[in-house]
Amino acid sequence: MKGNERWVSGDLQHPDRDPNRRQFVAQEQQPFGAILSCIDSRVPPELLFDTGLGDLYVMRTGGETIGPVVTGSVEYGPMTSGTPLIVVLGHQRCGAVKAAYKSIRDGEPLPGNLQAIVKALQPAYDQAARKGGTDPVETMARAQVELTATKLRSNHDLAPLVGKGALAVVGAYYSLDTGKVEVLAGAPS
């Protein structure tokens with residue numbers, strides 16, 4: 001979050017981005033976090049958190065949707081090298097969520113494999129519909145973050161790490177307008 005504060009203020013350090021760092025991590029990596037974020041070009045985790053080479057495992061999918069391969073990728077750091085943090089990072093004005101919302105609301109499937117994203121976002125749509133609010137797409141985007149973080153927190157292989165305090169699974173939300181990341185749930189105490 002200190003890196004995000006630097007991003008917001010423009011006081012960037014650009015850590016771990018030089019040939020010395022490249023040499024240091026060439027044989028082995030020990031990222032301090034894993035980030036599951038959206039594919040949106042405006043939401044690159046390494047920039048938003050002012051991090052560098054070897055600092056983060058990063059997985060990106062439309063609307064932070066998960067399935068077996070993505071879940072396995074998220075599990076990799078915590079289960080192989082003790083990475084202590086997973087952040088599920090949603091964001092303001094998410095195009096994938098907006099498209100899925102419209103598809104579900106209007107009963108019009110999206111073409112190709114985009115429909116798989118819509119299907120994965122259905123629980124967030126349902127939760128947003130129950131909650132209501134002035135902006136149902138933003139409500140759905142936040143719901144998706146919370147649902148995905150909860151699913152990862154309770155995952156068969158990750159839950160024991162969470163239970164013993166070796167892993168935190170945090171849901172967070174990025175404002176495109178301000179650059180600020182807001183923690184929604186799961187922050188370690």
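Which residues are buried in α5? They are V97, A100, Y101, S103 and I104; buried means under 20% relative accessible area, exposed over 50%, partly exposed in between (1.4 Å probe, protein chains only). This is a predicted model, where local features need pLDDT of at least 70, side-chain atom pairs count only at pLDDT 80 or more, and totals for chains, interfaces and linings use all residues. Residues are numbered from 1 along each chain as its sequence is written, and side-chain values use heavy atoms, leaving out hydrogens and water.

**Helix α5**

- Helices (H or I, at least four residues) and strands (E, at least two) are DSSP runs, numbered from the N terminus.
- The buried residues of α5 fall within an arc of 165 degrees seen down its axis, so they line one face of the helix; the arc is that of the directions from the helix axis to the C-beta atoms.
- These buried residues pack against α6 (114-131) and α7 (136-153), with contact meaning heavy atoms within 4.5 Å.

**Salt bridges**

- The structure holds nine salt bridges, each a side-chain nitrogen of Lys or Arg within 4 Å of a carboxyl oxygen of Asp or Glu.
- D55 and R21 meet at 3.0 Å, N to O.
- D55 lies in the loop between α3 (45-48) and β2 (56-60) and R21 in helix α2 (residues 19-25), so the pair ties together parts 34 residues apart in sequence.
- D55 is buried at 7%, and R21 is buried at 15% relative accessibility.
- D16 also bridges to R21, with the closest N and O atoms 3.8 Å apart.
- E182 and R142 pair at 3.1 Å, N to O.
- That pair links strand β5 (residues 181-185) to helix α7, 40 residues apart.
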